[in-house]
Amino acid sequence: MLNTTTAEKLEVSYRLSGREAIQPAIVHLGLGAFHRGHLALISDEFMAVSGQRNWGITSANILGDKTLVENLQAQDNLYTVTEIHPDGHRECKLVSSIVNSLHAEDDRLPLIEKMSEEDTRIVTLTITEKGYCTNMATGELLLDHPLIVHDLANPEHPKTAIGILVAALAARRAAGIKPFTVLSCDNIPDNGKRTRNAVLLFATAVNDDLAHWIDEQCTFPSAVVDRIVPATTQEDLQMVKNKLGVEDKAAVVCEGFRQWIIEDNFVMGRPDWDDVPGVTFVEDVRPYKEMKLRMHNGAHSFLAYFGSLGHHTTISEAVSDPELRKATQKLMKCAAETLDVPAYQNLQAYSEQLLQRFANTELAHKTSQIAMDGSQKITQRWLETICWHLDHNSSYAPLALGLAAWMKYVSDPDTVIEDPMAAELKLTAETYPNNLEARTKAFFKLHSIFGDYLPIDERFVREVTIACRILERRGVQGALHYMNENF
Ligand code: NAI
Ligand code: CS2
């Protein structure tokens, strides 16, 4: 069991002295691997270097992962993060910033009460792209989403993160308490603005005066987050146990790289997170957001779908395939052309750094994990790049081939896909089993992914249909080689 002995072994026992004095001023929704390997670790390091004890975290899962919460509670909410570098060097860090953990799926009230306390000054989120219940093409809240429909009818007993945020803000307003800042740490474009718009639309449907209060007083800064944190495997848990001599059932492994770029707009103050490496406060995250989502995540999804089709289990295996590596470089170049970044930003160097990060064979980042929830990812990772190239009449062949791979992946009758739109995707594929052109156009009709304009752009439809044909006729390696030779 993780305890003070572990702290002594890691020579951080000082970190636990006075831990009981830590005040939880942050509530986090989405107690997942990334939260534990990024925000919670950064907050822990910040409190260690600053000596401040008033930025502890209450972390909650509102959907699933009950066992993780129970395991964390059983070890006093302590856990470790092992940063694994490409050369095999491992650095194990004990994290003590989470002082409360909740599983709030069955009963939201304790969580909402915690969020309503005046001491709670920031609410952070890593609830996955699907957790926002929004149309990824437009960014708008899906008012017909079954859980949103439930929450609008039962605003005091919400199931969604959006509903929970509004319920907690309503309680604060009723108690005459200022609102907290909402800080999304998810890979969605304009995550602060989109969360704000979803909260305001929901609040307007519940109570117009509440919506005005939120609009005027609550802040929703956007942020760009970057650290590769794969789902923890049994091998990871065993590695940590061998290293520490005790079991850590909430252990996280990740790469050494980390980045967190945050708009500095916090209504009730914030920690000086930038006292620790990798964190920067800015006025506008837009240039960084597009770079990260289109180059890093765009390449990640490309490697995930072509890697899966090519029977590569991990990203590091996929990127070791020469044709796939070359095609990924071309995709990143295609994305880089769309970016308006500061002159000092060397996008070629960024691309090469990404390939090194992807090639980290010490991290078992599974292609299947990244391939999950594609309906919530490809819009911001690929389609925004495609739209730019359509506007500029320039080529986007790697992205077209990526879409072909995604459609082939989700259409495979033997592939069980994890995606909130799995049923629609499978039905679309099954409707046109032998008519590739009709099937491709049917996918484009999925509005929450492709929006209004792409499906009616004949150039786009033609380009992607051709890519699908190339993939069908030449196979994975043949299609990659063809694109590499001709683009
Ligand atoms: P994870 O699977 O470990 O955790 C997912 C979390 O989301 C869990 O706490 C789960 O309870 C919650 N969740 C899932 N569906 C939800 C819903 N509909 N409503 C509310 N909560 C929901 O995944 P991980 O690695 O923590 O990633 C979570 C998110 O963090 C990603 O979707 C991404 O947006 C962001 N992220 C992840 C990175 C990574 O490398 N793992 C890196 C950068 C960002
Ligand atoms: C990945 C991201 O699972 C995925 O979709 O592309 O979680 C990726 O690991 C992070 O964005 C890296 O910062």
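Residues are termed buried under 20% relative accessible area, exposed over 50% and partly exposed in between, with a 1.4 Å probe and protein chains only. By this scale D272, which forms a salt bridge with R270 at 3.1 Å between the closest N and O atoms, is partly exposed at 33% relative accessibility. The model is predicted, so that local features need pLDDT of at least 70 and side-chain atom pairs count only at pLDDT 80 or more, whereas totals for chains, interfaces and linings use all residues. Residues are numbered from 1 along each chain as its sequence is written, and side-chain values use heavy atoms, hydrogens and water being left out.

The count of salt bridges (a side-chain nitrogen of Lys or Arg within 4 Å of a carboxyl oxygen of Asp or Glu) comes to 25. One of these joins D76 to R19, with the closest N and O atoms 3.0 Å apart; D76 is partly exposed at 47% relative accessibility, while R19 is buried at 10%. In another, the side chains of E45 and R258 meet at 2.6 Å, N to O, and this pair links parts of the chain 213 residues apart.

Aromatic pairs (rings of Phe, Tyr and Trp, its six-membered ring, with centres within 6.5 Å; planes under 30 degrees apart count as stacked, over 60 as edge-to-face and the rest as tilted) number 11 in the whole structure. The rings of F266 and F281, with centres 6.3 Å apart and planes at 85°, are edge-to-face.

Note on methods:
Chains are lettered from A and ligands numbered from 1 in the order in which they are written. Helices (H or I, at least four residues) and strands (E, at least two) are DSSP runs, numbered from the N terminus.
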